[in-house]
Amino acid sequence: MAGAAALAGRVATGLAELRGELFAFVPVGLGIGIGLWFQRPVEPGAGDYALALVGVALAVLLWRIWEPVQPFAVFAACILCGYLACGVRVALVAAPMLEGEWYGAVTGRIVGIDRSQSGALRLTLDRVWLEDVAPEATPARVRLSLQGDQRWLDPVPGSVVMATAFLSPPQGAVEPGAFDFRRMAFFDGLGAVGYTRVPVLLWQEPVAGEARIGRLRADLSAGIRAEIAGDPGAFAAGVLTGDRSGLSREAVEALRDSSLAHLLAISGMNMAFLIAFVFALLRYGLALIPPVALRVNSKKLAAAVSLGVAAFYLMLSGANVATERAFIMVAVMLVAVLLDRRAITLRSVAIAAVIVLLWQPEALLSPGFQMSFAATVALIAGFGLVSRRMEPGAAPRAVQFGLALVLSSVLGGVATAPYAAAHFNRFTDYGLLANLLTGPVMGLVVMPAGAVAGLLAPVGLHGLPLAVMELGCRWILYVAHEVAALEGAVTAIPAPPGAVLPILTLGLCWLVFWPGRLRWAGLTGVVGALVLWLGAARPAVLIGPGGIVGVMGPEGRAISAPRGAGFMVQNWLENDGDLASRAEAAARPGFVAGDGGMIFAIGAGEEGPLTGLVLRRGEVAATGACARHAVIVAAEALAMAGPCLQLGAAELAQSGTVAVVGVQGRFALRTTGGQARIWSPRGAAPALALPE
């Protein structure tokens with residue numbers, strides 16, 4: 001007991017000495033609470049939130065009366081506040097979602113225009129009216145993919161349009177443990193997605209005074225594309241207004257495969273480049289006017305104006321989640337300048353993270369949040385370490401600039417690589433090279449030229465800066481295409497188990513934020529997460545709604561049908577770390593004809609001790625098939641006699657995707673329908689088991 005008391009005393013003393021240096025752990029605590037909330041299998045009730053509030057009150061009480069436990073009390077309060085923030089957020093954004101497939105007339109106001117992965121134009125509508133759907137059950141927003149001939153349609157934000165469409169609820173996770181798209185749609189207020197094959201009709205022109213920013217964005221985007229033709233114009237419009245609908249599919253794929261897609265997402269880098277240019281232009285421009293420089297604090301004036309520019313850029317770009325995070329980070333830094341504080345510190349990043357997590361707790365699960373904050377923290381910590389070790393004036397300015405460029409690309413690439421690999425299942429082998437070749441052009445040419453063009457547009461002198469911007473955009477796209485075409489440009493990475501990223505993140509946070517030598521204990525979490533990732537096995541069989549089956553074999557996952565459920569199947573392959581196309585996967589061995597359908601093995605390749613049967617539409621299983629196979633899968637209803645597990649249309653609609661995991665004759669079933677959360681109204685999945 002005496003030894004334990006002595007250890008507790010030393011810990012308390014050590015924490016007291018670190019007072020004021022542990023603020024960076026506040027967003028870590030919030031993140032833990034948010035993560036615990038999202039891991040709940042059922043929706044928390046009033047009792048859960050009441051207990052959390054009591055816990056916060058107790059933590060505050062301990063903080064006031066017992067100094068040795070103050071850091072622990074604050075951290076516990078942060079965890080509970082993160083949990084409570086999720087409950088508040090749900091109450092604010094809750095809106096109806098379609099419960100099943102629907103077909104009919106839909107009317108709504110255009111609030112968003114973009115393109116799907118297939119290149120189809122998509123419209124996001126609010127003020128939605130659905131035929132034969134009660135107002136209280138009508139989604140707040142729907143998203144329509146436009147198919148067929150829509151040449152006469154010129155979508156403008158604020159316009160009210162009408163169409164006959166097929167709608168369905170947003171799709172959930174494509175497999176157990178994967179990213180839940182339905183959850184993301186819920187927090188975005190998106191209650192239905194679908195498509196229309198008939199012409200979309202203009203019902204009403206934009207009302208004066210409404211959607212001004214949206215129309216301004218559309219006008220600017222159209223003006224830029226009129227001045228700069230092709231993909232360079234679409235790229236320029238994308239980085240300035242957030243409208244990427246004009247970019248070709250080939251250009252999007254090249255940017256993705258060269259690790260340059262982040263340049264199109266109006267996030268931290270774009271915002272930083274623009275605001276840095278505006279801040280420098282104002283500060284040093286005013287310094288050239290002595291009467292003004294002697295009477296005005298040019299630094300604070302530049303910060304105030306830059307803050308206004310950042311807010312306008314946020315609204316102009318559509319205020320998506322990534323841009324909102326970037327604005328908050330930039331705003332915190334500019335306010336620090338106004339308050340005569342250091343702008344770029346880990347504390348300022350922590351403040352920005354706290355604001356984002358309390359305002360939008362669901363952002364914690366998004367790749368944009370994880371990658372942007374990982375890169376920012378790595379850059380600040382890395383450059384801080386270098387500046388402490390480098391003597392002032394040790395190298396010429398040109399050399400320092402080059403080293404800073406290389407170091408920023410290396411730090412940003414290393415920090416974001418595990419998150420990009422986990423979410424997008426790919427590693428861009430030449431991403432560092434591509435970013436080194438394009439980063440300076442983006443920061444010194446494209447964004448400044450775009451800002452100058454915006455300033456000169458009212459007087460008609462925007463032509464020259466847009467021409468300069470076009471050269472920069474052409475260079476970036478050229479590098480993207482050339483790098484993406486290199487052999488081995490992309491390496492596929494299997495999806496990690498769900499625990500990997502939390503463990504990795506906690507280890508990295510401890511490694512960076514803890515001020516003493518004990519920081520190196522964070523390497524334990526990093527190494528443990530990587531070992532867990534490398535040792536993870538993918539499901540032997542995946543069975544999706546619609547009766548699509550994917551069986552893992554020696555050549556990769558074989559798919560039971562060449563068409564249908566394309567989004568789900570493509571994500572299965574990507575999560576396997578497989579770059580094969582759907583057609584290639586459907587041609588792989590893994591299914592043999594028999595018993596009225598196609599037979600597959602459940603286990604490690606064809607040596608599995610159990611078998612299953614897939615029945616396509618119109619196919620009927622042979623007599624006694626349920627006694628010969630462990631599972632029978634069908635796109636239609638099943639009602640067969642026998643001990644097998646029957647997964648027909650109704651069962652799969654309730655369970656979601658079913659994964660068969662395990663080898664050597666010992667198998668377990670996992671489903672995507674096991675959570676009874678507000679965004680998953682199906683409730684708990686049925687109990688499924690393979691026969692012994």
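Visitor: How are helices and strands assigned and numbered here?

Guide: Helices (H or I, at least four residues) and strands (E, at least two) are DSSP runs, numbered from the N terminus. Take Asp-257: it is found in helix α8, residues 249-257. This is a predicted model, where local features need pLDDT of at least 70, side-chain atom pairs count only at pLDDT 80 or more, and totals for chains, interfaces and linings use all residues. Residues are numbered from 1 along each chain as its sequence is written, and side-chain values use heavy atoms, with hydrogens and water left out.

Visitor: Is Asp-257 buried or exposed?

Guide: Buried means under 20% relative accessible area, exposed over 50%, partly exposed in between (1.4 Å probe, protein chains only). Asp-257 has a relative accessible area of 16%, so it is buried.

Visitor: Which side chain makes a polar contact with Asp-257?

Guide: A polar contact is a pair of N or O atoms within 3.5 Å; within protein, one must be able to donate a hydrogen and the other to accept it, and residues adjacent in sequence count only if both atoms are side-chain atoms. For Asp-257 the partner is the side chain of Arg-426, at 2.6 Å.

Visitor: What does Asp-126 contact?

Guide: Contact means heavy atoms within 4.5 Å. Leaving aside neighbours within four places in sequence, Asp-126 is in contact with Gly-108, Arg-109, Val-111, Ala-140 and Arg-141. Its side chain makes a polar contact with that of Arg-109, at 2.8 Å. Asp-126 lies in strand β2, residues 121-130. Its relative accessible area is 11%, so Asp-126 is buried.

Visitor: Where is Arg-89, and what is its polar partner?

Guide: Arg-89 is in helix α4, residues 70-93. The side chains of Arg-89 and Glu-362 make a polar contact of 2.9 Å.

Visitor: How is a pair of packed helices described?

Guide: By the angle between their axes and the distance between the axes. Axes are lines fitted to C-alpha atoms, for helices over the stretch in contact, and angles run from 0 to 180 degrees between N-to-C directions. The axes of α2 (residues 25-39) and α18 (residues 500-513) come within 11 Å and cross at roughly 165°. So α2 is roughly antiparallel to α18, a label for angles over 145 degrees.

Visitor: Which residues meet there?

Guide: Phe-25, Val-28 and Ile-32 in α2 meet Leu-506, Cys-509, Trp-510 and Phe-513 in α18.

Technical notes
Angles under 35 degrees count as roughly parallel, over 145 as roughly antiparallel, 65 to 115 as roughly perpendicular and the rest as oblique.
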